[in-house]
Amino acid sequence: MRSVPRFRLNTLLSSNFCLTLLAAVAWLLSCPADTFAEDFQNDFESEQTSCRIEFDPRKVALKTHERNQTLAFAGQGAERMQFVAGEHGVPVQIECAMPPSRILDELTLSISVFSNRPGLQIFGRVVFPNQTDPDTGRPLTRIIGGETLEKSNSWQRIACRTNDDAIAKHLILWRASLKPTELDPRGMYIDRIILKQTLGPGMTEILIDDLRVNPVVKPNAEALVSPNDLQPKMTAPRIRFQLDQLQVQGRPFFPIVIPYQKEAPELFEQLGANVVWIDNYLNRDLIDQFNRRGIWATAWPPSAKSNQGTILDARQANLVPFGRETDGILFWNLGVRIEPETHPQLKHWVHQVKSSDREQNRPLLADVTGDELIFSRDVEMLGVSKHILQSPYSYRDYSAHLQERKQMAQPGTFVMTWLQTEPSRAVTQYRKAAGLSPAVIEPEQIRLQTYAALCAGCKGLGFWNWTPLNAEGPGYKERRLVLEQLCQELTLLEPFLASGEVIHRFNIDLETNQQENQNADSTSGAKAASRNGSEPLSAAAAVVRSEHGLLILLNGMEENAQYVPGPMGQSDVRVMIRGLPESAFLWQITPTGLWPLETRRVTGGTEIRLPRFNMTAALMVATDQGVAQEIEREIQKVQVRSAELAIELAEAKFARVVDVDSELMQASVGLPEASHLLDESRRTLEIAREAFTKEQYHQARTNAELTCQLLRILQRLYWQQAVRHVSSPTSMPHTICFQTLPDYWKLIQQLGKANSAASSHLRSGRFEDPDAMLVEGWTKDVTSSKEVIVYDALDPETAHEGDYCLRMASIPSEAEHPVKLQEPAVTYRSPVIPVKQGDLLYVTGWVRLARPISGGLEGFRIYDSQYGVASCLKWSEQSDWQQFELIRPIWKQEDLHLFLELHGLGDVSVDDLQVKLLRLNEPEIVEANATEQAAPPEETKSKGNALDFLNRFIK
C-alpha cells in the first residue's frame, strides 16, 4: 500500500500554514506516480546470498557465507556468515542492498541481527549526487550511524533513522571534513545499509534477517548515481626497480599472480593473490572489483597491427596514449612460452607500449622459452617457466633449469616463473575424451615447485591454470587450499624474498638421530612415516640475504616426486650450515608460530636441529629481536586460518585417497599396508581436529600435515607397485600419478583379453636401409647453429640387432667452448601412423647413450604427437643398450608421428624401433552381488594373466 510522507507538526503550526499547505498540495500534484512512498522488505527467503562482505583476508578468514533455512528470525531463511580472526580489533563490513530513498525525517532502516559477539552497528550510506569527493573523483558518499547490537546469542532488531536532528548534526561534520570545499546536499539519498563489526580472536557468527526500509521515496532519476560510479578509483601504481628488487607504493613487493578464469573476485581475495591476470585491460568494472580488494591487475596491452596481423614497427604506427582508464594495472603481460623467433615482433610491441605508457611507465613481463639475454634487454620482468609434473623431468632438473635460465639473462634482471597446478592439456583432453576422471596434481607437488623457485632466486611467482579455481572434481579443492596455504607463507616471507638475494645454494643430506628423539608429539603415526621413508632424504638449500637478516630455505628432494611424492619428512633432523654469525638468533618460521631452534658450533659451521622436517622449511637468522617480533605479529593474524587450512587439506586428501584405495581393492590389487596407514591417518586427523577445538593451532597444523605424510606413503607404495611393470612412468598415461592407477589396472585387464599384436607399422624401423626410410616417409631436422657439429647416419659400429642402427651425435665446433642450444641438435620424425579412437599404440625399441648428454636438460627424448612432449621418454646418463616402450590408448583419429630428439651434446643410438596397433575390447561391467563368492579368485587370476600378456607384448 502506498503512503505519503508526513510533514512535521511544527511546519503545520507555523504562521505560514496556508502557504505550506498549498506548497505541499502542489508538490504532491506535480510528483510522478513513482514518487509516492513504499515500504521495502528483504525476508532472505531465497537460496542465493545477497550481502557483500569486505574484510582483510590477511587478518580474517570467511568460513561460511550462506542462506540458512533453520536459524531464521522470521519465515524460513536468514543470511549466515562465520569469520575466524587471530587477533583483536579486526574490522568487517557487510553491505545490504536497498532501493535508493530520499532522506526524510521519518525514514527508518532496520534489520534483525543475531551474533555470538555484541557490538555490531547499523549504518546508512548517504550519496551526494551533486558533490565530487576530492579524494576519489567520484560522487561523495558518507555514512550515518544507528543502533548497536547489545546482547550476544539472541535476536535483536537494530535501526538507523534519518530524522532532521541527526541529519543536521551530521551535515556539520560532513561540511567540516570537506573544507575548504563547500558541501552541496541537494538531492542526497541513502542507497545502502551497512553493518560493521569488530572481530576478536576465534570465530564470530552473524545472522541477519527481516531487513526493512520505510518509507521509500525514490530520488529524481537525474539525481541517481550508478553504483559503479561510487566505487573509489585505484590510483596509478608507483612502481620502480632497484636491480631485480620490485617496489610498489614505496614498499618491497613480491608478485603472486593467478590467471582469471571468470571466478568470483572474492575467491582471489581469499586465496591471497596480489596480482590477477585478466584478458581485457579495458574491463574497468572487473579491475575495480579486484582493486577494491587490494589486488592489482595485469593484462595484455593493445598493439598496432598490419592487415596481415603482424605487429607494426613503432616508428610506422603507434597506440593512443594510455589514460586513467588503465589505472589499477600494475604491469603489462606480453604472454607465456614466447619463442625466440618471435623476438622482432615482440620488440615492436614493447616500443609501442612504452611510447603510449609514458605517464605511468609500467614494466612489461614476458615469459620466454629461450634467448633470455636478448629478451631481458627489452622487458623489465622476465619469465622462465617449465612444467615438469607428471613428466620425466625431476625437481632437480627443474631447479637446474631455473638457475640456468636466470643466469642467461642480463645481471640484475627481475625473474619470475609460472608454476604448474594441473596436468598437461594433452593428458586432460585424453582423459576427458575417454570418459575418465581427471588426473590430479598433488598439493605437495605445487608446494615443492614453489620452494624450488624460491631457492632458485625467483622474485615473483605465478600459479598457472586453465581450469577455473572454483572447478569441482578430484583434487580441485586441494588445489585451492594449498594455494591459500602458499600465499600465506609467501606473504610472511615477503620482507625477505622481495628485498633479498640468494647468496648461496647447496644440497644437504638431512641426517636423523632417532635414538635421541624425545619430541613429545612423536606419535605412532610419525614413527610409521619414518619407517616407510626408506629413500635417502636430501634437500636443496638456499640462503637469502636481506636487510632483515638471513633466510634459509629448505626444499625436499626425492626421486620421482614429480609423479607421486613420497613421505619426504623426518623427525629430529640435523642440518649443518656454514658462515652463520655466532651472535645470531635462529627461528623456524611457520604459519602457526615462530619457533627458536637449537644450534651448536661444529667443525665447518653451525649444526641446526629441526624437531620435524616435512617437505619444506623456512629458517630465519637475525641479530635484531625486533624482526622476530614483527614476524610473530604477522603470524598471529593467520595462525587460526592456517591450522584450519591444514585440517581441510588433510580431510580432502584423505577422502580422495580412500576412494582410490577402494577402487584398487575392488580390482584385487590392494596393498596389505593400506588398512594400517589409513587407520593411522584417520587417527592423526582426529587429533588435529581436537587440537583445533582447544585452540592449539600449531599442534593442529602439524598433525594435519602428518596425516598427509602418511597418505603420501600409501600413494607412493601403490604407484611403485604399478610402475615396476613398465620401463618408465611415462611409458603409459595411467602411471603418471596416483589418481590414474585404477585405470592402469583396468587397461591391464583389457590387455589380457586382447589378441596378439600385428606386425610393425614401421617397416624401416630396424634402421637397415636409408632408402627404405626415405621412401616410407622419415624426415629429419638438423640445427643450423654454428656452435655444434652434428653426425647422424645409419651406423654399423654399435648396432643392437642386424647390421646398422640409427646414430645421432653432436659435439662442440670449438673445443672447450660452452654450448647452450635453444633447439634440438637433430630431430627425426617418423612416417605417418594412422590411428583411430579405441586403438592401443604400442612402440618398442632399444636405445644406447655412449656418453652423458651435456649442454641442456632436455637430453634425448622420444614422444608421440598425440600426447606430446610432456609425456615423453627421456635419457641423459650414459648407458648400454636398454629397451623402452610407449603404450598409448588412442583417444582421437589422426595421422600420428613419433619424434626422436637429441638436445645438447651427446652420442645416442636407436635400434629395432617397432610400432604396433592393438584394438582393445571394451571393459566389461561386472555387477557385484552376494551370490558371486568366487569373484575375488577369478579377478586375481585375470590380473596375473594380463600381466603375463603385457610382458609378452612388451618383449
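When I say helix, I mean a DSSP run of H or I with at least four residues, while a strand is a run of E with at least two, and both are numbered from the N terminus.

Before going on, a word on what we are looking at. This is a predicted model, where local features need pLDDT of at least 70 and side-chain atom pairs count only at pLDDT 80 or more, while totals for chains, interfaces and linings use all residues. Residues are numbered from 1 along each chain as its sequence is written, and side-chain values use heavy atoms, with hydrogens and water left out.

Back to α5, which spans residues 284-292. Which of its residues are buried? They are Leu286, Ile287, Asp288, Phe290 and Asn291, where buried means under 20% relative accessible area, exposed over 50%, and partly exposed in between, with a 1.4 Å probe and protein chains only.

Now zoom out to the whole chain. It holds 18 helices and 44 strands, and of its 955 residues, 56% count as buried. If we take contacts, meaning heavy atoms within 4.5 Å, between residues at least 6 apart in sequence, 77% of them join residues at least 24 apart. The chain exposes about 41,500 Å², with carbon and sulfur atoms supplying 49% of that area; this comes from the Shrake-Rupley method with a 1.4 Å probe, and for residues only the protein chains shown count as cover.

How about confidence? On pLDDT, the predictor's confidence in each residue from 0 to 100, the chain averages 85, and 88% of the residues score at least 70. Over residues 512-534 the pLDDT is below 50, and this stretch has 48 contacts in the model beyond near neighbours in sequence. Residues 923-955 also fall below 50, with 41 such contacts.

Asparagine 703 sits in helix α15, residues 697-723. Why does asparagine 703 count as buried? Because its relative accessibility is 3%. A polar atom of its side chain lies 2.9 Å from the backbone oxygen of glutamine 699.

Last, the cysteines. Taking a disulfide as a pair of cysteine sulfur atoms within 2.5 Å, the count comes to zero. Cysteine 160 is buried, at 0% relative accessible area, and cysteine 487 counts as buried at 2%. Thanks, everyone!

Conventions:
Polar contact = N/O pair within 3.5 Å; in protein donor to acceptor, adjacent residues only side chain to side chain.
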